[in-house]
Amino acid sequence: MLSQRSNFLRPVPCIVLTSLFCVSGSGATAPTRGFVVDTSDRNEVVAFYHATYMASEGYQDRIAWTGNYSSLTAGAEGTVSGEFAGDVERRLNYFRAMCGLPANMRVNTGATVRLASEDAFQPSANTTKMAAAQRSALMIVRTYPDSGGLAHSPAQSCKAWTPAAWNANRYGNLSLGYFGPGAIDAYAKEDVMGTSNWNLDAGHRRWLMYQGSTDFATGDTPGDFVPGTNTIRPPSNSFYVVPKNGSELDKSAGPAFVSYPAKGFFPAKLNTPFWSLSYPDADFSAATVTMKDGSGNTLSTPVVSRRIGYGDNAIVWQVPTLAAVKAVTADTTFTVKISNIRGSGVPTEYSWGVTLIDIAKIHQTPTVSGASTPSVSGASYSMTPVPGADEMRAGFYLRKPATWVETAEDGAITRVVDRTGGSYPIHATNADYVKSGAKAFRLTFPTRYDVFVNGVPEQIFELGRDLVPGPSGKLTFAYRRGLMTGASVLTVETSTDSGFTWTPVGNPIAGLGSKGDAAFQDAAIALPSGPVRVRFRYRLTDPTSAIYSHLDYPSQPTGIFIDDIGVTDCTWLERSGQVTGAGLASFNFNSATAGVTLASGQEWWVRSRAVLGGKAFPWGPAKVVTISGPLLLNGPALPPLSGADYSFVPDTTATGYKLEVANLGPSNWLEGAEKSPAPQVTADVSNYSVYSNLKGYFKTGAQSFRLGLSTAADNEDSFVIQRQILPAASSTLDFWVRRGAMSKTNRLHAEVSTDSGATWTSVWNLPGLLKADKALAKKSISLAAYADRPIYVRFAVRKDAGGTNLKWNAKTSGVWIDDIAVTNAASVLSLKESNVASNAGHVRLDASTAGQSLQNGASIRLRMRPLHGATPGVWGPALVVSPSSSTPDPIVVPGFSSWAQNEYPVFNLSFEGDYDSDGQADGVEYAFSRNPGAPDPMADALKVDAGRIEISRDLAQQRDGINYSAEWSDDLANWSSADVEILIENGKIHASAPLGAKGRYMRWKITQK
């Protein structure tokens, strides 16, 4: 394995200055200069970093270097693209803007070189800075591994030396190991490997931050690696910084203190152990540095340089480790004071504060507020905006069963995000390295060495899904290691912040050398609570270790192969819609914005996030909403043992309902044919035992199930698992199987019954094999089609029509099955259905509707279905509750409010409101025991007798807290209760009033006591 190279920097040790020009015709889409940033505003600093600094990342793909390393003649130095020069210009102006300097520097303008009479060598006066810098960059790398090319007065013996190269070295910052924007970073931070006196003087930085600069030029080579000869050519940079006197100086902005790191909020990743302060013509020879941490403790800060001659005069001091950090978990503040500064017109002291920040974090977490149970028509929601955000986003995620399996097959619906690089395909077809189908995912090192990363590039792919693991949620996959050294490791990592940070889970999978795996291995890794993202990361843990790379062994199975990626006990969040807007503070969540028709019982996660500088930050906490629609049940999750009422949204077309109460049992059973615990199966076999202890034919324990057709006349043998199972949409039927000798016209079936065994449906089958399988194989069959339906499972060996059976061998004939389980399911211990009236607004869970007493801690599933005459409709959303002895019986406070809250909590009723718009207020519906969720206007009986007018209607019960009265009117404008009489008897209420001369109108008057 190749060792890491050293990186070199050399600053210009002269007093003369230069400045940068902008790139004409740059292809970069983001601006490259003209920046101003308020470093006292944290969010503005974050936005500026992501919009400006990050816009120059990826520069290695835009350099478009036209030179070559095989020649020393004119032109071998080549050129770089205008877009790449724009990347350099942008990066330079980013640092200057952060430090409060004019950020209008220009790069590669075509300006000519600086010529001085004392120069030992002088190129042609019309030589451009960028041509000289480009030749210098070639000289630096062609002279490598000798460091002579980095000298500011390079000897003529240096390879590719020319007077122009000498001139660029004389007036430039020089780097070997960095190029482009990466070199600008190194010059600013002054903390590269093998720090020299040049770095202690912060000379590179001081030239970049020279206040009068206007024009610069960059010369670059990208570096390369030749694997056949193990030849490394590091990238190089020559940055022309010294300006021509007068014509390239602009001091109109006036002198200013320039600190690095800059005052205010500053990205910790750009920090340095060598802090500095500069000021034009200042005398720092007697200056002192006082630096304190956030608690006011004074820190040791030895001054390491007061030298003049590099840009503006400066003082440089080394900070302790706690202040030199490149990563922080929380904002970390330091204060600095420089005293006893001298010079004509120069302030004698300067104080400022620096707060190092994690540039990937913002302090405001946007939250969403609004209804928890909106109707199918949706609702309006609000979010907390983030100051300074370019835009706010609201995302709508539908929680769904995780029934998918990620494969690498062509045409498969996949959500794998490929973050690999190099020349190998991530979808591999290597023989014997595919678990199922024709392809598997592959991670391998594309090369032994990459000059840009200065090592071996790690390889990653990510599952583009937000997972919500249950208590036993796991990631499952199959893998097979190919050529892979022990330092080559696959790690599974999870992220809870939208992929900003990652944490390893499970055990890393290290290589086995040239041996590899003989077959695919199965992995199951526990997942943390969600939502989480998952990625597979292939990396080298020891940079000195040898590796197998695709470049070296293009026809060999280097790396690791991964297939059939899935999850157990998990759901996932599928984003189907999004609302965005600058300053977005409220939004509508409905079928149009969600992108999916809202339906009763759906669970949605509504989340918000901020975008700063074009960077979308992590989603805030979700507002979990459940769509309220017909038959959605609502009530306590932990009802008392005496029972509880559950309201539901009526189906206005139903003539009645069925309430189903299912008592659920544990789902963690495993049928393995062992003697203890006794298998819960019934078998129908002949001439042999369904239990076998044949070695090599059981997965665990000492026995497995066996089925076969033992005589020529046998057509079917089977066994039934005597458990009523309630699968979820993510449930699978899992088992291990191995065939012995069996006719090819015999077939093993896995079957499901939804009618207690009256009929069976095959969900999977396997034909016989004349010769035995070599080993047990695991099968996993989706039961999504049977979600929320009680089923039984059986295994049967059946003869195909017209088929024959092999001669029976008492030891080796048939097929063996072991370790049978259904994932993410429950067992149904009991089930009862009850009739519910069409005008009901709630149902009750108690011993009567459950068919047995409610037990503490039991798991009970409730659901309803409508009846349309004798025809049953589709089951509504299920609600699983657990009775608790700790839950006291509710104290029923009589009156409208208690009725509305306990029986119809999802309606948000009010006494004067009319939820179902049937013309009767909710208070009237309560008074007359009507359903406020179902429009059912009730007519009154009218009677005229003996000079009085009477109205009457049914009154099932006289409600608490209600005054029952009536009013009469002669003109429908003025109403009176004078001489009105109320009579309640025999389930009816009567109201009468004097008839009046020309007839009279009457109405009920219902008020609260």
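Begin with an open sheet of four strands, ordered E8-E10-E14-E13 and paired in the antiparallel sense. Strands here are DSSP runs (E, at least two residues), helices are DSSP runs too (H or I, at least four residues), and both are numbered from the N terminus. Two strands pair if DSSP finds at least two bridges between them. Select strand E8 (258-260) and strand E13 (303-305): these are the edge strands, each pairing on one side only. Neighbouring strands of this sheet are turned by 25° against each other on average, direction ignored.

Before going on, note that this is a predicted model, in which local features need pLDDT of at least 70 and side-chain atom pairs count only at pLDDT 80 or more, while totals for chains, interfaces and linings use all residues. Residues are numbered from 1 along each chain as its sequence is written, and side-chain values use heavy atoms, with hydrogens and water left out.

**Inside the sheet**

Select strand E10 (residues 274-278) and strand E14 (residues 314-318), which pair in the antiparallel sense over five bridges. Which residue in E14 is the bridge partner of Trp275? It is Trp317.

**Two packed helices**

Two packed helices are described by the angle between their axes and the distance between the axes. Show H1 and H2: they pack at an angle of about 165°, with their axes 10 Å apart. Axes are lines fitted to C-alpha atoms, for helices over the stretch in contact, and angles run from 0 to 180 degrees between N-to-C directions. H1 and H2 are therefore roughly antiparallel to each other (the term applies to angles over 145 degrees). Their crossing is right-handed, a term for a near helix turned clockwise from the far one by less than a right angle.

**Aromatic rings**

The structure holds 56 aromatic pairs. Rings of Phe, Tyr and Trp (its six-membered ring) pair if their centres lie within 6.5 Å; planes under 30 degrees apart count as stacked, over 60 as edge-to-face and the rest as tilted. Select Phe48 and Tyr94: the ring centres are 5.0 Å apart and the planes are at 20°, so the pair is stacked. This pair links distant parts of the chain, with Phe48 in helix H1 (residues 42-53) and Tyr94 in helix H2 (residues 82-98), 46 residues apart. Phe48 and Tyr94 are buried; buried means under 20% relative accessible area, exposed over 50%, and partly exposed in between (1.4 Å probe, protein chains only).

Move to Trp65 and Tyr69, a tilted aromatic pair at 4.9 Å centre to centre, with 50° between the planes. Trp65 is buried, and Tyr69 is buried as well.

**Charges over rings**

Select Lys699 and Trp736: the charged end of Lys699 sits over the ring of Trp736, 3.9 Å from its centre. A charge sits over a ring if NZ of Lys or CZ of Arg is within 6 Å of the ring centre and within 35 degrees of the ring normal. Next select Arg1000, which lies over the face of Trp968 at 3.7 Å from the ring centre.

**An enclosed helix**

Is helix H5 (residues 180-189) buried or exposed? Of its 10 residues, 10 are buried, so H5 is largely enclosed by the rest of the structure. Among the buried residues of H5 are Asp185, Tyr187 and Lys189. Just after H5, select Glu190, which takes a positive phi of about 55°.

**Loops**

Select Pro145 in the loop between helix H3 (129-143) and helix H4 (163-170). Pro145 is exposed, with a relative accessible area of 71%.

Now look for two cis peptide bonds.

- Gly530 and Pro531 are joined by a cis peptide bond with omega of about 5°; Pro531 is in the loop between strand E26 (521-526) and strand E27 (532-540).
- Ser676 and Pro677 are joined by a cis peptide bond with omega of about -5°; Pro677 is in the loop between strand E35 (656-665) and strand E36 (681-684).

Ser929 is not a glycine, yet has a positive phi of about 55°. Look for Ser929 in the loop between helix H11 (922-927) and strand E51 (941-945); at 23% relative accessibility, Ser929 counts as partly exposed. Ala946 has a positive phi near 55° and lies in the loop between E51 and strand E52 (948-954). At 72% relative accessibility, Ala946 counts as exposed.

Technical notes. Parallel < 35°, antiparallel > 145°, perpendicular 65-115°, else oblique.
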